[in-house]
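Please look over the sequence and the model shown here before reading on.

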Amino acid sequence: MERLSEKAEEILESLWVMTVEGDNVGCLLTSLKVTRDSEELVELIQRSYVEIRGDRVCLRKEGRPEAQMTVRRHRLAERLTMDILGIAGDEGNEQACEFEHLLRQGVDVKLCTLLNHPTTCPHGNPIPPGECCIDARQQGEPGIVALTELKSGESGEIAYLAASDDKKMQKLMSMGVLPGSQLLLVQKFPSYIFKVGQSQFAVDDMLAREIHIRRPVK
Amino acid sequence: MSDQQKSSPKIVLVGNPNVGKSVVFNALTGAYTTVSNYPGTSVEVSRGHCHIADRRYEILDTPGMYSMMPITEEERVARKILLTEDPHAVVHVIDARNLERMLPMTLQLIEAGLPVILVVNIMDEARRLGMQLDLDLLQKNLGIPVIGAVMKRKTGLDELRQAISDYAMVPYKPFVYAHDLEQDIDKIIGLIHGDYRLSRRATSILLIQKDDDIHDLVSEKETASDHQKLLEVTREISFRRRADLHLQISLERRKVCKQMLKDVVTRTVEATEPFTEKLSRWMMNPLTGAPILLLVVYFGLYKFVGGFGAGTLVDFFEGNLFDNYINPPVVNFLENYLTAEWLFELVAGEYGLWTLGIRYAVALVLPIVGTFFLVFSLLEDTGYFPRLALLVDRLFKKIGLSGRAVIPIVLGFGCDTMATLVTRTLETKRERIIATMLLALAIPCSAQLGVILGLLSAAPNALIVWTVFLVLLFLLIGFLAARVLPGENPVFYMEIPPLRRPQLRNVMVKTLTRMQSYFVEILPLFLFASVILWAGKMTGMLDNVINVFSPLVKALGLPVEVTTAFVFGFFRRDFGAAGLYDLQTSGLLTVTQLTVAAVTLTLFVPCVAQFLVMIKERGIKIAAIIFVFVTVMAFSSGWFLNKFLMATGLLA
């Protein structure tokens, strides 16, 4: 089957966000900015991904997997542009919208693995898990997460320090916060307090985001 | 050679903060420096000396440093000593509990070709945690003298003295890093020709790590063409290794440390959590930490400094000792012998050296400042401040500071001048400027605080207005400064040292040292101020100055007499407040006027000493800007508050 057009993907994405994650019943044609005979809508109806009820477009059961994957690709793209490429704000959103359409035919799997199967987008919305995520979980692969994602009392091994501020990283390293050391998170608020060896440290969330921890295999 | 013999050989103490460096210094020299349990309170380098086997040694205590590559100002100061001095021995003090973490710096010192003696301190605590250390093996592995110690009980002191007097530099065998790293280091070593304090290997590594000071040093010592070549090669290496150079070096060093420590450390049982751990957690948890802070402020500041210091002690010194026993005979004596009027005025008149200078300094200010320093030193010694720092970090970020700034701010309540000095431990220039400004504007020093609390305590509502207004202004100005000043918000990170029971001797030493430096600093200024004011009164200049200011004061709705208090305020913040006190006791001020005057005076320009330190620390330009800003803010806030209180009739 031929690939969906970009515009059709955008519609699936909106439908997913509004009707599956939100509690709307279908989307108004006007809010999707399409008419009954818009090319992209026809495309989706032909595949029985969506149907029109009155003045609303509804996602059909057949369309759900495709919609879910579209949302997944969009949010992975956001992670890529915002976290890895460091493009923030509207610019980041725009770039993510461009990127998402390139993430097909296994590119999304590769990206997801590279990003270590993230579960949320930078805005905090869930990223629907792909097959690669489910596989990774079943293999019991320990996840690498930022210190901010750990719960108080949880411990793990320091995997790496993201180096956005060289001096601060050196400081942490010279204090003994080094990859390979065991770390125990003591407290998360108002500052992050953790223990490495016999020493305790406090850092703010800016720095905590840059310390990445490998969770122990359960 | 004779020159060499005349000047005593130097011993430099280095190490992380909180490992007992200053305790070692005190044990060696018998002198008093401030021993601190707060990372980064000793910025200055302390010097002392000692005699071992009839030989005189000069001892230098440096600020805490974590590695040979400096990041903070203190570390730069410490490293500078290693770069410039020619020590007989460098004593590296480390904490036995954190041997693995602190040993990398020992490696760096050895690598730099320095004559290192390693002191493994706090052995008793390590033993309590179930750690057994084989220091003989460590000594063999490292190839330098290693001494186990509990310096606060002077255990290991004799061994250290012995090691110093026996010390003979032996060539060290370099620790080998990964092959590719070694190749790059060798490349640089081959290009260095000058003569450096640090070994070429250490210099090369620091060059690759882009250490600015070392780069400057190299550009001085190498010929232009050599330097150019060196620059090209280091740039190439730094760029090629941009992704993980520092990390790789750290990891390589740790690998070496692991080898060094193999079989050195054995652990037995994990000790149970002591009470201090629990208390520490309560202090760090906002739910329990906030009440603890309130308790500390209430009992420490309000009850002890305000009640006991500014109340009981001042009453005793000023009201009893001076008024009843010291002043009458002194004044009597002076009246008999100082017949010239101007001379009598100079010594015992209204603004006289005795009356205003010595009496104020000894009877009024010293008890207040002394009790404050006692509380401050006590808290400092327990390790409470780092815990407070992490608690307020989020709030302080809003005003452009990090939690680290809590120390200068709290110290400001004791003495703003001293606090302004301590702002240099803050990491960014922006943070230092904001802290300096807030100290100058909204933090009343203890002497001033004591008098103002006494002044306003009669009218509790006035006290509330004063407190709320100052807190709001502190936050507002900080918030605006954080928006206006360019630069990024500081990042907060801090080591949290274990809580410990305060050591009586440490606390006393700290308190006395602070009181002493305060006294040495203020007494001359009090006397100086007395002379100026006396001269002003005699020549009529004082009246002129007061006339210039009086319209401003009237605009605030205050009686003209208050002007004198404001003019005095510049000489010593508390002078002004004390002046207000006299006015209030003679019933010249309404509650509203009193409140407006107290607020304006609190905000008004810092005293002479603080202003001088501001110039020294921040430069004349920034100091002048802050001065003008603070003056304008003080009077406009006073004006606003007066209008506000008149309009609402809040304190009528």
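## Basis of the model

This is a predicted model, in which local features need pLDDT of at least 70 and side-chain atom pairs count only at pLDDT 80 or more, while totals for chains, interfaces and linings use all residues. Residues are numbered from 1 along each chain as its sequence is written, and chains are lettered from A and ligands numbered from 1 in the order in which they are written.

## Chain A

Chain A has nine helices and nine strands, where helices (H or I, at least four residues) and strands (E, at least two) are DSSP runs numbered from the N terminus. Its C-alpha atoms occupy a box of roughly 70 × 35 × 30 Å along the principal axes. Of the 218 residues in chain A, 36% are buried; a residue is buried if 20 or more other C-beta atoms lie within 10 Å of its own, exposed if 12 or fewer, and partly exposed in between, with C-beta atoms placed from the backbone. Two residues are in contact if their C-beta atoms, placed from the backbone, lie within 7 Å, and among contacts in chain A between residues at least 6 apart in sequence, 57% join residues at least 24 apart.

Strand β3 (residues 56-59) of chain A has two pairing partners to describe, and two strands are said to pair if DSSP finds at least two bridges between them. Strand β1 (residues 27-28) of chain A runs antiparallel to β3(A) and is joined to it by two bridges, with A:L28 having A:R56 as its bridge partner. Strand β2 (residues 50-53) of chain A also pairs with β3(A) in the antiparallel sense, over four bridges, and there A:E51 stands opposite A:C58. β2(A) and β3(A) make a hairpin with two residues between them, and A:G54 in the turn has a positive phi of about 65 degrees.

## Chain B

The secondary structure of chain B consists of 29 helices and nine strands. The radius of gyration of chain B is 28 Å, close to the 26 Å that the globule rule gives for 652 residues, so chain B is as compact as a globular protein of that length; this radius is taken over C-alpha atoms, and the rule is 2.2 Å times the number of residues to the power 0.38. A box of roughly 80 × 55 × 55 Å, taken along the principal axes, is filled by the C-alpha atoms of chain B, and 48% of its 652 residues are buried.

Chain B is assigned domain 1 (2-166), domain 2 (179-267) and domain 3 (286-648), with bounds that come from an automatic or database domain assignment. The C-alpha centres of domain 1 of chain B and domain 3 of chain B are 38 Å apart.

## Where the chains meet

In the model, 28 residues of chain A are in contact with 28 residues of chain B. On the side of chain A that touches chain B, α8 (166-174), β8 (199-203) and α9 (205-208) of chain A each supply at least two residues, and the largest share, eight residues, comes from α8(A).

β8(A) and strand β9 (residues 493-496) of chain B run antiparallel and are joined by four bridges, where A:F201 stands opposite B:E495. Within chain A, strand β5 (residues 155-161) pairs with β6(A) in the antiparallel sense over three bridges, and the bridge partner of A:E157 in β6(A) is A:Q182.

## Points of the backbone

Most residues other than glycine have a negative phi, and most peptide bonds are trans. A:K33, in the loop between α2 (29-32) and α3 (39-46) of chain A, has a positive phi of about 60 degrees although it is not a glycine. A:K33 counts as exposed because it has 12 C-beta neighbours inside 10 Å.

B:I122 likewise is not a glycine and has a positive phi of about 60 degrees, and it is placed in the loop between β5 (116-121) and α5 (123-128) of chain B. With 24 C-beta neighbours inside 10 Å, B:I122 counts as buried. A cis peptide bond, with omega about 0 degrees, joins A:F189 and A:P190, and A:P190 lies in the loop between β6 (182-187) and β7 (192-196) of chain A.
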